[in-house]
Every structure is written in structure tokens, then in C-alpha cells.
Amino acid sequence: MKIKGSGEKVKSQRQQQKERTRQRLIDTALSLYAREGLLATRTADVAREAGVSHGTIFAHFATQEALLNAVIETFGTTTAGRLHELASQGSSLREVLQAHLAGLREGESFYSRLVRESRMLPNESRQMLVAIQSVVSHHLCAAAEREMKEGMIRPQPLHLLFNTWIGLLHYYLANDDLFAPEGSVLERYGEELLEHYLSLLAP
Amino acid sequence: MKKCIACGMPMREPSEFALGDTSKDYCVHCARPDGTMQSLEEKLKSMTAFIVRTQGLDGQAAESAARSQMARLPAWQGQLREG
């Protein structure tokens, strides 16, 4: 029994080590994607930066695309978690928008790249961006529908309400070199964009 | 924290679980009125409609996004990955 027990422990440590390496590869890839671009970063660059052999990458991710998808998924889960945590059921539209901005701020450089390169990404990776937007639209539209019903904002189609917000944010993020060459676009303009957007919705 | 096996939504409050039952693995949005989980077809249809309604995508594009989203979730992985 002891042998079996210790055997299981070894296996579990190995498993833990494997998970740690996988996470390190995801974190390394995320920062490289943010810095160099999603399509410009090669798996060899990720391996070098993470201090592992090139083969190690493929022991964890079958293809370059699988690594990219794992990174987008991790980013999406974090953003969704943040939004869910900060904008609970019954939050105001302002609170949802603030939570969205706060979540994006945490991964702004990566998100900017994702937005800029989305049209060129493999289909599944691109669909994952739609999935991230679905979480945002779920929270945003729930709050907006409530406020429309209460007469706090003008009645309008939900998709236009959502796309107006996303369009505004993405325009600034996609051109961050023009709006905030040396820093965070969302830090510099987030509050202004939020106030402007809410003023457009006012009855 | 649990995540809904059918749509991926994080579930923290009892009100977020189907029938308010925290032992369930799926959320209030993925449950039918009687508390059972929606079928693949029902979920695909409702998720597609949700994407069209809140993001304005073309119907076909929305369905393909919904399908791809569902294929990554535990409830549908087997069925959609193979198909």
C-alpha cells in the first residue's frame, strides 16, 4: 500500500509539474503575443523565452494554433471571471462598463493585438474572440434592458448598443500608437469614452 | 468555483444554478423550465439567437460561432468535436 501510495504521489507531482510547465508556456506566449504580435510569434520564440526545448511546446500543445487558442481561452476566462465578479446580477450599465474596462486593462496589450489581428487568425481562434464578446454582451445587455425598461436610457436595438461600445473601444485600441504611443489607451481615455458613451444613451 | 458545463458561465450564487440547486453542473440559462438541461439543438438555437440579438452577426456566422463555442464545453465536446 505504501509503495502504491508513494507511486501515486510521484505521479501526482509529475502531473503538477506538467501543469506548471503548461501554464508557464501559456504565460510566456501571452506576453510575447502582446509584445510581438500573435501571428509574428513563432513557437521557437516561446520555447526560447520560456527556457524549454522546442519539443516541449509540442508535448503540451499539438500545434501552434492549439497554443494560440489556449492563450486566448485563458485570457477569455480571466476577463469573463473579472466581469462576473465585478458586475453581479443587477449591476447598473455604468458598473458593467467599468468592470469591462477594468478587465481589459489587465490584459490590454494582448487584447489590442487580438483585435488588430483577428481577421487574419485561424477560424477557431477568431471564434474565440466572439465567445469573449458574448460574455460581455450578456452582462451589458442585461443591464441595458433593465435601464431601458426603467426609462434611464433610450430604447434601441441591443446589437447596436453593444457594437457602438465595442466599436468605440476597438477603434482606440487598434490605433493605440496614435492615441497613446507611450502608455495604456484605456488608462488615458477609458473614463472619457465611458462618459461619452453613456451620454449618447441618455433619454 | 463551478462553471456551467453547457455554456461556460461561472456559477457563484445559488440563483445562477439551475433551479437554484448548487449541486447542478449547469446554469439557470441552460435549464428548461422543469430544471432539466437543454439539448444540444436547443442550446445551439438559443446561443445563435443570443449572438444575433446582442452582437448583430449574420445568422450563419452566429451559428458557426455558437457551434465553435459549444465544442469547447464539457457538455457538448464529444458530440461537436466528432461532428
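Into which domains is chain A divided? Chain A is divided into domain 1 (1-61) and domain 2 (63-203), with bounds that come from an automatic or database domain assignment.

The model is predicted: local features need pLDDT of at least 70, side-chain atom pairs count only at pLDDT 80 or more, and totals for chains, interfaces and linings use all residues. Residues are numbered from 1 along each chain as its sequence is written, while chains are lettered from A and ligands numbered from 1 in the order in which they are written.

**View 1. Chain A as a whole.** Chain A has 10 helices and 0 strands; helices (H or I, at least four residues) and strands (E, at least two) are DSSP runs, numbered from the N terminus. Its C-alpha atoms fill a box of roughly 70 × 45 × 30 Å along the principal axes. Of its 203 residues, 32% count as buried, that is, with 20 or more other C-beta atoms within 10 Å of their own; exposed residues have 12 or fewer, partly exposed ones lie in between, and C-beta atoms are placed from the backbone.

**View 2. The two domains of chain A.** The centres of domain 1 and domain 2 of chain A, taken over C-alpha atoms, are 29 Å apart. The contact (C-beta atoms, placed from the backbone, within 7 Å) takes 12 residues from domain 1 and 16 residues from domain 2. On the side of domain 1 that touches domain 2, helix α1 (residues 2-36) of chain A gives the most, with 6 residues. That side divides into 10 nonpolar, 2 polar and no charged residues; Ala, Val, Leu, Ile, Met, Phe, Trp, Tyr, Cys and Pro count as nonpolar, Asp, Glu, Lys and Arg as charged, and the others, Gly among them, as polar.

**View 3. The largest nonpolar core.** A nonpolar core is a set of buried Ala, Val, Leu, Ile, Met, Phe, Trp, Tyr and Cys residues joined through C-beta atoms within 7 Å. The largest has 64 residues, and those with the most contacts inside it are A:Ala29, A:Tyr33, A:Val71, A:Leu140 and B:Cys27. Helix α7 (residues 123-149) of chain A supplies the largest share, 10 residues. Leaving aside neighbours within four places in sequence, A:Val71 is in contact with A:Ile26, A:Ala29, A:Leu30 and A:Tyr33.

**View 4. Chain B against chain A.** Here 9 residues of chain B are in contact with 16 residues of chain A. The largest share of the chain B side, 4 residues, comes from α1(B).

**View 5. B:Leu19.** B:Leu19 has a positive phi, near 55°. B:Leu19 is partly exposed, with 14 other C-beta atoms within 10 Å.

Methods
Two residues are in contact if their C-beta atoms, placed from the backbone, lie within 7 Å.
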